[in-house]
Amino acid sequence: MSAISRGDDAVLKRERLSDHNELIAFNDAVLPHMDAAYNLARWLTRNDHDAEDVVQEASLRAFKYWAGLSHRDSRSWLLAIVRNTFYTWLRQRSPDAPHLSDGELDDVDTKTPNPETAALREADREMLKSALEDLPIEFREAIVLREMEGLSYKEIADIANVPVGTVMSRLARARRRLQAILMHQGVRR
Amino acid sequence: MTCKETQNLLDAYADGELDWSSELAIESHLQGCPPCSRVFASLKLLVSALQRGTLRFNAPQHLKSLVLSGIERANPVVRHSFADWRWVAFAASIVVIAALSGLLATRVANPSVETQLLGDIVSSHVRSMMADHLTDVSSSDTHNVKPWFADKLDYSPPARDLSLQGFPLLGGRIDYLQDRPVAALVYQRNRHLINLFVWPANESTQKSRLVLRGYNLIHWEKSGMTYWLISDLNPEELTQCARLLKE
């Protein structure tokens, strides 16, 4: 009995040591991307409190699946987890919420705005922010990952789990929408 | 290439995601087509406004510690290590380590113990940057920091402020290295934190500078004390800091 518990102790000690190292490695590789994770969560949830919840939950998941990450891009990996966590959170929160598909978005007026417009020049941060917040989620995440995180179409496709062509069309349509909204607001001003 | 075809590919063109032949085709179309050029200019304006950085949300300061304590609660096995972290908690990148006795010096002579010590120094440094509070005694005034240590250790680590030289002293804390309390002094250089660990010892590792897990470490001995300086600061400035501390 005592031999067994001594063995357990040794195992526990080793586990603690390796967990400790895991934790340090996790901190080194993942925590530097906390700003990117929070930025994405904040744009998806559109408020501070929910964004923090999503990042916390995502970090727990990240730590759980952490092993063997070293050969991968930890930022993209973390962003993918943040995104998935967000969608889970969204479904739990409002199970009946309709999932906006690309097809439904086709109805939206995405005509190229008159390039002569000066609306964009006038676009200050607040206008741009509210225009971005009004975009459908799929468009918003594509814009955040591309413009703020500087990710490639391929990287975004991996994170959002869609073909590269879909990323391309989402980005293009998102930008047309933003231009249309900004032009509209600019005219109203 | 028609205007419609061009405009369909304009976003991918702006993002540098096209193959070179499409890229060339669009380039030459844009040169000869003012309307498409204007559409492109408008797109570039939007993209640069989005990329300007003013739209980014940065994680609040407390989020990292919330994340860490969340992991701790969910993973009881790692609680042990986190508890240690808390205990030593404070943020820093310059640390002076002070060890207590000749016993440690003997252990340092053993290579595997030395490796372990180096690992512990880096870990302490990383922990100190992630934890919630920066220092146990937070002051740039040497006359506050020294007596604080004197109450808690049986030796007095040299606590010098280097504000004038560009390395302000943020404060100190007691850290645990290899199961014994050591003095840790925290300095700052721009946005980099530096930990200086100090303890009395007569002999120690031969290596005087090394890079471990991306951190720069500098080690020296003086008047019976062992010093370890660690930071993510570049080697040149860290060396300058070490030189000032040795004076």
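Trainee: Which residues of α1(B) meet α2(B)?
Mentor: Thr6(B), Leu9(B) and Tyr13(B) do, and in α2(B) they meet Ser22(B), Glu23(B), Ile26(B) and His29(B). Residues are in contact if their C-beta atoms, placed from the backbone, lie within 7 Å. Helices are DSSP runs (H or I, at least four residues), numbered from the N terminus. This is a predicted model, in which local features need pLDDT of at least 70, side-chain atom pairs count only at pLDDT 80 or more, and totals for chains, interfaces and linings use all residues. Residues are numbered from 1 along each chain as its sequence is written, with chains lettered from A and ligands numbered from 1 in the order in which they are written.
Trainee: Now, how many residues does each chain bring to the contact between A and B?
Mentor: Chain A brings 39 residues and chain B brings 37 residues.
Trainee: And which helix gives the most on the side of chain A?
Mentor: That is α1(A), with eight residues. By class, this side of chain A has 20 nonpolar, seven polar and twelve charged residues.
Trainee: Where does pLDDT stay under 50 in chain B?
Mentor: Over residues 79–109 of chain B; pLDDT is the predictor's confidence in each residue, from 0 to 100. Where pLDDT is low, the predicted coordinates should not be read in detail. The mean pLDDT of chain B is 78.

Key. Two residues are in contact if their C-beta atoms, placed from the backbone, lie within 7 Å. Helices (H or I, at least four residues) and strands (E, at least two) are DSSP runs, numbered from the N terminus. Ala, Val, Leu, Ile, Met, Phe, Trp, Tyr, Cys and Pro count as nonpolar, Asp, Glu, Lys and Arg as charged, and the others, Gly among them, as polar.
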